[in-house]
Amino acid sequence: MSKGLTKRSEDYSAWYNELVEKADLAQHSAVKGCMVIKPYGYAIWEKMQRALDDMFKATGHVNAYFPLFVPKSFLEKEEEHAEGFAKECAVVTHYRLKGNPDGKGLVVDPAAKLSEELIIRPTSETVIWNTYKGWIQSYRDLPLLINQWCNVVRWEMRTRIFLRTAEFLWQEGHTAHSTEQEAVEETERMLGVYADFAEQWMAVPVVKGTKTPNERFAGAEDTLCIEGLMQDGKALQCGTSHFLGQNFARSFDVKFVNKEGQLEYAWATSWGVSTRLMGALIMAHSDDNGLVLPPKLAPIQVVIVPIYRDEQGLAAISERVAPIVEALKAKGISVKYDNDDKFKPGYKFAEYELKGVPVRLGLGMRDLENGTVEVARRDTLTKESTSLDGIVDFVANLLDEIQANIFQKALKFREENTFEVDTWEEFKEQIEKGGFVSAHWDGTGETEEKIKELTKATIRCIPFDSIEEEGKCVYSGEKSGKRVLFAKAY
RNA sequence: CGGGGCGUGGCUCAGCUUGGUAGAGCGCUCGGUUUGGGACCGAGAGGUCGCAAGUUCGAAUCUUGCCGCCCCGACCA
């Protein structure tokens, strides 16, 4: 089984790369650091988008679209923001090519130099706040709750498919509010949306928390995040939500008249999740046989494989399967009846396992005679024979059960790989082994840097549910009021 | 930017040391037998050997230069 897929225990990194490719999720493109998301992978992303988009709408947001290009002068306006992104910007300097006067091909036309360089958006705060200036005059224009789905470019030195690519897809929410409290509440609300999505749809348990100043978004007053733990013991930031204060309003001069008739700067938030979630999904659940998808995000939830000897046999099975397919579809379950004669059942079994289809039904002549069907679940790799009567409800329940089971499995993994540590020796040892390490920290950036330098571990977040307790910093021994979460991260 | 690897049919790779008809497996097309955990037989199609220059009677193979991608590090979501 699982021919050609490296085992996780042998080389986790190779396993991941091969899985992405073999399960038809994505492939490397001809362009360095970029990926082609293939139809099967994109179908998962579309399901993520749909669920998230519904959640955004349900919380009062609307979609819009802002340009790909950011004038350099915009990016410069918020100083910290500019500094944070300067190192990874793709820059457009010209708007025309021409035939090479010295031979074949095309060259940049020096006559077509832009008077101002355009940056390919690494994020859109600046373009959007430049636009908001014209939209916001009164407190009656607020709150402004806008989201956009788009691509962004961050020129990373080292890339990894889905986890860190030069170009990626995401959504970015940008809201404007009349009070600080409202903006803070929005920041928290959207982090909650992300956490619910991660846990209920992706079946990935996440820790909600606050980033340290060092890890904070460039230009934000406060960055909240959800952090997941992958099977190799490394953490993955799955989403962020920023309270931007009045920083961008000030930089772009976005003022509104409040109820008292006074001019005030608007309060801002921004929040985003990206195709990186695909990486989280893969690394959280999948095994040495391939992808394991939560039913709620699986493009194909149920596959039905006929097992037959001749055309009459196939026809008989197809006839019996047709109403089942209809009934499953009527319940909103996506089902594929694979009657492709090109492949044998064994091949199909392996293929759908690799692709993470949650439930497989095998139906052969014996089953037709006995009124049974073989049900195989991807999460446990178990098979059982059950009655064809009531198979639709059986499958519907099973999908719910699988969704719950893989979440529980991931939760158990996280719990078993979260460690409270109180001494430096223990800390170093545990970080080396992997997992979340909950430890006291003196709250200084210097200590944080030092720990990172010595162990490669970063503070993933200060968890919301971290309890107040007297302690000593695991590195400096200084006083600390609560534990924070350390880990090596992607 | 440093270190390593790779570039030969759609895919994975062999061939290069020692220059001389461009190969295998998988996939693809056609025909037949098969079908409860990655079937088999037969016949076929498909390649400017990353690019350029050089050496040579002759270069996938030797020399030089260039380009691209992947992996590991520094940096970062």
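This is a predicted model: local features need pLDDT of at least 70, side-chain atom pairs count only at pLDDT 80 or more; totals for chains, interfaces and linings use all residues.
**Surface near the RNA**

RNA strand B is surrounded by 43 residues, and the closest of these are R158, R164, F168, D367 and K456. Of the atoms of RNA strand B that come within 4 Å of the protein, 46% belong to sugar and phosphate. By residue class, the surface near RNA strand B divides into 21 charged, 12 nonpolar and 10 polar residues.

| Residue | Protein atom | Atom of RNA strand B | Distance |
|---|---|---|---|
| Y308 | backbone N or O | sugar or linking oxygen | 2.9 Å |
| E353 | polar side-chain atom | base nitrogen | 2.7 Å |
| K383 | polar side-chain atom | base nitrogen | 2.7 Å |

The elements that give two or more residues to the surface near RNA strand B are α1, α10 (345-354), β19 (359-364) and α11 (365-370). Within that surface the largest share comes from α10, which supplies seven residues.

**The α1 and α8 pair**

Helix α1, which spans residues 12-22, packs against helix α8, residues 276-285, at an angle of about 115 degrees, and their axes are 11 Å apart. The crossing of α1 past α8 is right-handed. On the α1 side the contact is formed by Y12, W15, Y16, L19 and V20, which meet G279, I282 and M283 of α8. The residues of this contact comprise seven nonpolar and one polar, with no charged residue.

S286 is located in the loop between α8 and β17 (302-307). Its relative accessibility is 0%, and S286 therefore counts as buried. When neighbours within four places in sequence are left aside, S286 is in contact with R8, W15, L19, Q231, L291 and V292. Two of these partners, W15 and L19, are also among the α1 residues that meet α8.

K234 belongs to another loop, the one between β12 (222-229) and β13 (235-245). With a relative accessible area of 28%, K234 is partly exposed. Although K234 and K488 are 254 residues apart along the chain, their C-alpha atoms are separated by 5.3 Å. Not counting residues up to four places away in sequence, K234 touches G228 and L229, and also K488, A489 and Y490.

Note on methods
Residues are numbered from 1 along each chain as its sequence is written. Chains are lettered from A and ligands numbered from 1 in the order in which they are written. Side-chain values use heavy atoms; hydrogens and water are left out. Axes are lines fitted to C-alpha atoms, for helices over the stretch in contact, and angles run from 0 to 180 degrees between N-to-C directions. Helices (H or I, at least four residues) and strands (E, at least two) are DSSP runs, numbered from the N terminus. A crossing is left-handed if the near helix is turned anticlockwise from the far one by less than a right angle, and right-handed if clockwise. Contact means heavy atoms within 4.5 Å. Ala, Val, Leu, Ile, Met, Phe, Trp, Tyr, Cys and Pro count as nonpolar, Asp, Glu, Lys and Arg as charged, and the others, Gly among them, as polar. A residue is near a molecule or strand if one of its heavy atoms lies within 4 Å of it. A polar contact is a pair of N or O atoms within 3.5 Å; within protein, one must be able to donate a hydrogen and the other to accept it, and residues adjacent in sequence count only if both atoms are side-chain atoms. Buried means under 20% relative accessible area, exposed over 50%, partly exposed in between (1.4 Å probe, protein chains only).
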